[in-house]
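Trainee: I am new to this structure. Please take me closely through one part of it, the sheet and the aromatic residues around it.

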Amino acid sequence: MAQSADLHRILCFGSFAVDVVAGELRRQGLKIRLQEQPFRLLVLLLDRAGDVVTREEVREALWPADTYVDFDHSLNTAVRKLREALGDSAEAPRYVETIPRRGYRFIAPVAPLPSVQVADSANVPLASLPPSQAARPSNSGRRLLILAIVVVICTAALI
């Protein structure tokens, strides 16, 4: 129960939103599949947007000291997968810029979405939500509505 009251930390950039707590990347509301290492790299870059994050800082954040991997290959793979998910490129970056022999920098503007407590989110008035959330019902709300319609139709068919 205590976890449901945690604040969700959502960071927005371009047409993307990152829910750090849920571990989700979304583009215009649609979830984009992103593996754990590229997602953690994205969060690290977003937390330090505009600053150069060195390769050493990435290694320390993503791979524990007792982990033995081909670091260069693993980092290059994580960056490539992140760029694929964002539709970004190394040659003309919109989000992730490579700083040769040093590291990476997140170059797009990042804006945090106001934190909402999960436990109280059902009681938040629509006027207090951002327009994108107020205009669309949540997926769970849609599912509940569809379930109610199906139950009514089945009941009517039985009668």
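**The sheet and its aromatic residues**

Mentor: F13 and F16 are both buried. Keep in mind that this is a predicted model. The two rings have their centres 5.3 Å apart, and their planes meet at 20°. That angle is under the 30 degrees used as the limit for stacking, so F13 and F16 count as a stacked pair.

Stay with F16. At 3% relative accessibility, F16 falls under the 20% cut-off, so this residue counts as buried. F16 also pairs with Y95. Here the centres are 5.6 Å apart and the planes stand at 90°, an edge-to-face arrangement. This pair links distant parts of the chain. F16 sits in strand β2, while Y95 lies in the loop between α3 (71–86) and β6 (96–99). The two are 79 residues apart. Y95 has 7% relative accessibility, so Y95 is buried as well. F13, F16, Y95 and F106 make up one aromatic cluster. The count of aromatic pairs comes to five.

Now turn to the sheet. Five strands form an open sheet in the order β4-β3-β2-β1-β8, and the pairing is antiparallel. β4 and β8 (111–113) are the edge strands. Each has a single partner strand, so one side of each is left without a neighbour in the sheet. From one strand to the next, the twist averages 30°. Strands of a sheet pair through backbone hydrogen bonds, either parallel or antiparallel.

Go through the pairings. Strand β1 covers residues 10–13 and is joined to β2 by four bridges. These two strands run antiparallel. In this pairing, I10 stands opposite D19 of β2.

β2 spans residues 16–19, and β3 spans residues 24–27. They pair in the antiparallel sense over four bridges. F16 comes back here: the residue opposite F16 is R27 in β3. The hairpin of β2 and β3 has four residues between the strands. In that hairpin, G23 takes a positive phi near 70°.

The next partner is β4, residues 30–32. β3 and β4 pair in the antiparallel sense over three bridges. L25 has I32 of β4 as its bridge partner. Two residues lie between the strands of this hairpin, and Q28 takes a positive phi near 50°. G29 is also found in the loop between β3 and β4. With 34% relative accessibility, G29 lies between the 20% and 50% limits, so G29 counts as partly exposed. G29 and A17 are twelve residues apart in sequence, and their C-alpha atoms are 7.9 Å apart in space.

Next come the helices. Helix α1, residues 36–47, lies across β1, β2 and β3. α1 runs at about 105° to β2.

The axes of α3 and helix α2 (residues 55–62) come within 11 Å and cross at roughly 90°. That angle makes α2 and α3 roughly perpendicular to each other. On the α2 side, R55, V58 and R59 make the contact. On the α3 side, the contact residues are F71, D72, L75 and N76. These contact residues divide into three nonpolar, one polar and three charged.

Note on methods
Residues are numbered from 1 along each chain as its sequence is written. This is a predicted model: local features need pLDDT of at least 70, side-chain atom pairs count only at pLDDT 80 or more; totals for chains, interfaces and linings use all residues. Side-chain values use heavy atoms; hydrogens and water are left out. Two strands pair if DSSP finds at least two bridges between them. Rings of Phe, Tyr and Trp (its six-membered ring) pair if their centres lie within 6.5 Å; planes under 30 degrees apart count as stacked, over 60 as edge-to-face and the rest as tilted. Buried means under 20% relative accessible area, exposed over 50%, partly exposed in between (1.4 Å probe, protein chains only). Axes are lines fitted to C-alpha atoms, for helices over the stretch in contact, and angles run from 0 to 180 degrees between N-to-C directions. Angles under 35 degrees count as roughly parallel, over 145 as roughly antiparallel, 65 to 115 as roughly perpendicular and the rest as oblique. Contact means heavy atoms within 4.5 Å. Ala, Val, Leu, Ile, Met, Phe, Trp, Tyr, Cys and Pro count as nonpolar, Asp, Glu, Lys and Arg as charged, and the others, Gly among them, as polar.
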